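Here are my notes on this one, in numbered points. Have it open while you go through them.

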Amino acid sequence: MGKTITEKIFAAHLRDQLSEDSMVLDLDVVLCHEITTPIAIMDLIDKGKDQVFNPDRIKAVIDHVSPPKDSNTALQAKILRDWARRHRIKDFFDIGANGVCHAIFPEKGFIRPGNTVIMGDSHTCTHGAFGAFAAGVGTTDLEVGIYKGVCSFRRPQSIKINLTGTLTPGVVAKDVILAVIGRLSVNGATDRIIEFTGPVVEAMSMSSRMTLCNMAIEAGATCGICQPDRITAQFLWPFIADQYGGLDDAVAEFSRWHSDSDAVYESVIDIDVSDLEPQVTFGFRPDQVKTAAAFHETVVDQVYIGSCTNGRIEDLRDAAAILKGRHIAEKLRGIVVPATTDIYRQALDEGLLAIFLDSGFCVMNPSCGACLGMSAGVLAEGEVCASTTNRNFNGRMGKGGMVHLMSPLTAAATAVAGSIVDPRPYLSSEVTR
Amino acid sequence: MTRFGGPAFRLDRDNINTDEIIPARYLTESSKTALQPHLLEDLLIDGKKFDRNTPELQQATVLISRKNFGCGSSREHAVWVLEVNDISVVIAESFARIFRQNMFNCGILAIELDAAAIADIFALPAPLAVQVDLSRSVVEIGPNGQQGSGSDLRTFPFTLNEFDRELIAAGGWLAYADSRY
């Protein structure tokens with residue numbers, strides 16, 4: 001009987017089999033940010049166990065509230081910073097060189113095919129785009145991960161989502177994943193891994209694959225995962241070139257992390273994306289999805305472009321292509337947050353930030369900020385936000401606020417129109433994805 | 001083995017997420033006790049703001065809910081805010097993975113019962129008194145706040161994964177992992 005990619009990763013990292021259904025895995029990478037890590041650090045200190053299993057396998061960033069907005073968040077940043085220095089964690093990204101965790105860690109080449117990865121952040125599933133098993137965990141799992149380099153998981157069962165057909169202009173990875181969540185429901189993949197396969201995924205950039213995997217948790221999944229291929233190898237090439245004779249060698253080596261043709265799945269769902277239209281959420285659950293065209297006069301107070309879902313350079317290019325030569329609607333505010341410092345600089349060099357500024361957008365430094373209502377773009381009671389983020393829960397971006405999730409294209413078109421619209425009439429030839 | 005239980009409070013909704021259990025605006029706290037006043041602060045039931053000030057909730061040590069309890073963010077604060085409010089058992093039709101693991105990692109219980117059992121429990125008259133017997137793997141519920149034996153006592157069997165049972169016995173994952181790895 002064949003194995004799925006996830007079963008292969010589990011087998012290669014199995015440290016302990018605790019029961020038929022529970023296993024403990026050795027971890028390749030433990031990622032940390034300043035919201036969920038400090039309590040783990042303080043608890044380890046309190047218990048006299050202030051140690052790390054391997055400082056080279058721990059990566060840390062200040063990203064949620066950056067720069068700190070108050071004394072509490074300054075303290076959280078300080079606890080993380082002091083700890084990183086104390087334990088010689090060299091891959092620590094402080095204010096000025098930081099970025100949203102699920103954007104900056106892949107950007108630095110830290111996540112490799114076949115890796116096991118945890119972080120105290122539910123969107124850790126993003127890193128499955130690299131053919132890694134990457135799971136969001138709570139602070140206690142993170143604490144044990146930091147201290148012992150292990151984490152427990154249940155036996156992995158996978159749902160295969162086979163994406164066929166061709167995406168039409170104006171329809172992007174965010175629309176695909178919103179449609180998938182709409183189909184699976186918010187608990188349709190609980191305790192499962194969503195394996196994204198098929199020609200649509202094979203044609204996607206790493207950025208788009210990260211958008212897909214990022215929202216696997218919104219269907220309850222432990223991880224989203226894509227099979228590593230030439231596109232993965234090309235993305236990682238600057239970091240792995242010295243390990244391989246050439247790109248072909250890397251691609252061949254990565255293929256050991258492909259699911260076998262006779263692997264067993266709990267279910268296989270085929271979705272032809274050819275007729276897919278831009279998708280937008282309504283209500284307070286991410287599986288409440290309908291087409292952008294089905295919205296009529298849903299007036300928006302704020303448009304937010306950024307986050308671990310859609311704050312990468314391709315996303316900013318998409319939005320800027322629509323905003324170029326246009327201004328955002330009156331009575332509406334736009335906020336754009338390049339996800340990392342490097343993306344910010346690249347957007348600056350490409351002239352994208354000038355387009356955002358000319359259109360009336362506020363350009364923010366990298367942070368998770370408003371996505372979870374912590375800083376830099378929080379909504380007032382009763383306000384409505386069109387957002388490229390990943391959660392539309394009640395109160396998510398501010399108490400009493402309403403969030404509609406959508407692609408950067410749809411968000412940019414909505415910013416121009418003032419209410420939720422289908423972006424396709426706004427497309428220019430510059431939108432290539 | 002430890003017995004868990006006490007007065008129970010029912011939250012009649014699917015998909016109660018961790019943002020509702022403890023909003024992100026309180027994640028800047030570096031102590032668990034600071035979370036205490038904010039339990040379920042953003043919860044909506046039937047589209048309306050949930051009244052958190054009911055004495056039945058304040059006295060509860062057990063929560064009972066429906067499908068996919070604790071979905072969304074991985075924040076363990078959603079478990080800690082229960083702990084600091086003396087709630088050590090959540091019973092639901094199903095849980096989100098991370099929330100369920102966080103409960104056992106903290107040495108407290110997330111118990112799944114099937115849809116029929118949950119429907120029965122939601123039909124019982126308030127107040128409810130719950131006892132969890134881990135050695136017999138049963139939840140015992142006495143209606144009208146009565147505990148112990150009696151003709152009205154309802155018994156609901158559950159299954160607990162062997163590892164989760166060991167986490168409860170060890171008092172959580174850190175202690176367990178520290179002794180084993």
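1. A word on terms before anything else: buried means under 20% relative accessible area, exposed means over 50%, and partly exposed is in between, using a 1.4 Å probe on protein chains only. By that rule A:Cys385 counts as buried, because its relative accessibility is 0%. Keep in mind that this is a predicted model, where local features need pLDDT of at least 70, side-chain atom pairs count only at pLDDT 80 or more, and totals for chains, interfaces and linings use all residues. As for bookkeeping, residues are numbered from 1 along each chain as its sequence is written, chains are lettered from A and ligands numbered from 1 in the order in which they are written, and side-chain values use heavy atoms, with hydrogens and water left out.

2. How many disulfides does the structure hold over all chains? The count is 0, taking a disulfide as a pair of cysteine sulfur atoms within 2.5 Å. A:Cys223 is in none, and the nearest cysteine sulfur to it, in A:Cys125, sits 6.6 Å away. A:Cys223 is also buried, at 0% relative accessibility. Back to A:Cys385: its closest cysteine sulfur belongs to A:Cys371, and at 9.8 Å that is too far for a bond.

3. Now the interface. Counting contact as heavy atoms within 4.5 Å, 44 residues of chain B touch 54 residues of chain A. About 4,100 Å² is buried between the two chains, with carbon and sulfur atoms giving 53% of it; buried area here is the accessible area (1.4 Å probe) that two parts lose on being put together, summed over both. On the chain B side, B:Arg97, B:Leu174 and B:Tyr181 lose the most area to chain A, together 19% of what that side buries.

4. As for where chain B does its touching, α3 (77-83), α4 (97-105), α6 (162-170) and α7 (173-180) of chain B each supply at least two residues of the side that touches chain A. Helices here are DSSP runs of H or I with at least four residues, strands are runs of E with at least two, and both are numbered from the N terminus.

5. Take α8 of chain A (residues 206-214) next. 9 of its 9 residues are buried, so the helix is largely enclosed by the rest of the structure. Among them are A:Met206, A:Arg209 and A:Asn214.

6. Another cis bond links B:Ala126 to B:Pro127, with omega about -5°; B:Pro127 is in the loop between α5 (115-123) and β7 (128-133) of chain B.

7. Last, the backbone at A:Asp191, a residue other than glycine with a positive phi, near 65°. A:Asp191 lies in the loop between α6 (173-184) and β10 (192-197) of chain A and counts as buried at 16% relative accessibility.
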